[in-house]
Amino acid sequence: MTPAYEKKWQIFFLVATSIFMSTLDSSIVNVALPYMMQDLQTDIQTIQWVVLIYLVTVSALLLTFGRLSDIKGRKPVYVMGFTIFVVGSFFCGMAQTPLLLIVSRVLQGGGASMLMACSPALIVDAFPVHERGKALGMIGAVVAAGLTTGPVAGGMILEYLSWPFIFYINIPIGIAAAIGGIFVLKDAQDTQASREPMDKTGSLLLIVMLSSLIVFMTQLSRWGVLSIPSFFFAGLCILTCIGFVVNEAKSDYPLFDLELLKIKLFVFPVMSSSILFAALFVIIFMMPFYLTYPCGFSASKTGMIMIVPFLFLLFVSPISGMLYDRLGSRRLCVTGMSVLMLSLVSLMYLHPTMECVSILWRIALAGIGTALYVSPNNTAVMSCVPLSRRGIASGAVATARNIGMVIGVALAGLIFSSSFSTLTNGSSLENYLAVMEPFFMISFKRTMLMGVVLSIIGIGVAFARGKELKE
């Protein structure tokens, strides 16, 4: 038995801690957005950057840190990730203005990208082939546990304390995990490190490409399609994309190995993962606003309702991981994407006068669909790439997931804000009045429809991966 296999459950616990911390933070922040918007006296287009800038930072840096973990070993990247995340959490809690909060989220996102880039690779390194589906399925349950705890903890904190405490709770967890990582990963470092040179040019081009893409998407409604800023950022994205591909093709030690694009079971799952999380985050971003404004629910009640999809994620993820070991990924992923689509369709017919149970079963479908999808999809991707490229693949999976989240939040914010502003003759959500309820619901329905379109595309892409050996 290799040293990694001997320590597999210690490594699992360490990875589970980092994933729990990052997902807890994510779900708490979503519940707190309406309260941050009021306390910091800003609007929905500004406050969405508290979510977006974190996802942008993570997306832009994941491949870089995934590659760095292949070069330097998982341990230094992982421990430093915990440290930076803790520091970023402290500054987020101390922020007194929207700008300071958004800047602090950049730092927090940098630490999170280090943790996310290593996590799947650490699990695959630590577990033998026949146990990987089960292990990654259990990690899916940890994701669900973090996401489930977040709304409850967030609701209680917002009810009795204030939103900065949603960031402070990361600090003791992160410090303990960083110390644990130093000891648990001590033996794994030398065997994982390849000592190859870092592709700094590729890393810089990727950061500029993803950042310009996301700025273009999020500011399109404000600038207009034919404006000079829109042309500039769109052009910058295209040019850096071309430069990145050319650089990677020429590099002896690329940031992203273009040979991976020849693996069908890598390309299509990564694409469909991005689409799934875009559709999911349409729901995750919009529901707290729906529950807070038209429904008039308290923070604690909003938090309790937002638990529901993650509860189903908690219980279904281990089952889907074990089913992968028998069925492969295609059938499970297509089914999961279809269930998520049904959730979005049903949310189009919500109304504030409905009972709570009408909300609960609709968002429960989103949790079930995501749980059926994530573990089999990640296992398929990580199992089809060579050992020396697992850090790159791990970073690519996490990058796709976070780009999907960014796209979902950006599109939801764009469609809802544009629709609501048009219907109310220029009013914004922070000035919400009860008479605006019909306009809110029309805008909400249009946003969910966009999520339906995304999930339909995702079903096609998930099916296109083809059969695996176990199918």
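Colleague: How many residues of domain 1 are in contact with domain 2?
Modeller: 54 residues of domain 1 touch 53 residues of domain 2. Keep in mind that this is a predicted model.

Colleague: And what area is buried between domain 1 and domain 2?
Modeller: About 4300 Å². Carbon and sulfur atoms give 69% of that area.

Colleague: Which residues in domain 1 lose the most area to domain 2?
Modeller: I44, L55 and L63. Together they make up 14% of what the domain 1 side buries.

Colleague: How many salt bridges between domain 1 and domain 2?
Modeller: The count is 0.

Colleague: Where do the domain bounds fall?
Modeller: The domain assignment puts domain 1 at 1-198 and domain 2 at 254-470. Their centres, taken over C-alpha atoms, are 20 Å apart.

Colleague: Pockets now. What volume does the largest pocket have?
Modeller: About 680 Å³. Its lining has 23 residues.

Colleague: Which of them lie nearest the centre?
Modeller: V270, M271, T399, A400 and I403.

Colleague: Which helix gives the most to that lining?
Modeller: α12, with 6 residues. α12 spans 264-292. At least two residues each come from α10 (200-223), α11 (228-250), α12 and α16 (390-423).

Colleague: What classes of residue are in the lining of the largest pocket?
Modeller: 21 are nonpolar and 2 are polar.

Methods:
Residues are numbered from 1 along each chain as its sequence is written. This is a predicted model: local features need pLDDT of at least 70, side-chain atom pairs count only at pLDDT 80 or more; totals for chains, interfaces and linings use all residues. Side-chain values use heavy atoms; hydrogens and water are left out. On a 1 Å grid over the protein atoms alone, a cavity is a set of points where a 1.4 Å probe fits but cannot get out, and a pocket is an open set with protein on both sides within 12 Å along at least five of seven lines; lining residues have an atom within 4 Å of a point. Grid points are joined across faces, edges and corners, and a volume is the space filled by probe spheres set on the points. Helices (H or I, at least four residues) and strands (E, at least two) are DSSP runs, numbered from the N terminus. Ala, Val, Leu, Ile, Met, Phe, Trp, Tyr, Cys and Pro count as nonpolar, Asp, Glu, Lys and Arg as charged, and the others, Gly among them, as polar. Domain bounds come from an automatic or database domain assignment. Contact means heavy atoms within 4.5 Å. Buried area is the accessible area (1.4 Å probe) that two parts lose on being put together, summed over both. A salt bridge is a side-chain nitrogen of Lys or Arg within 4 Å of a carboxyl oxygen of Asp or Glu.
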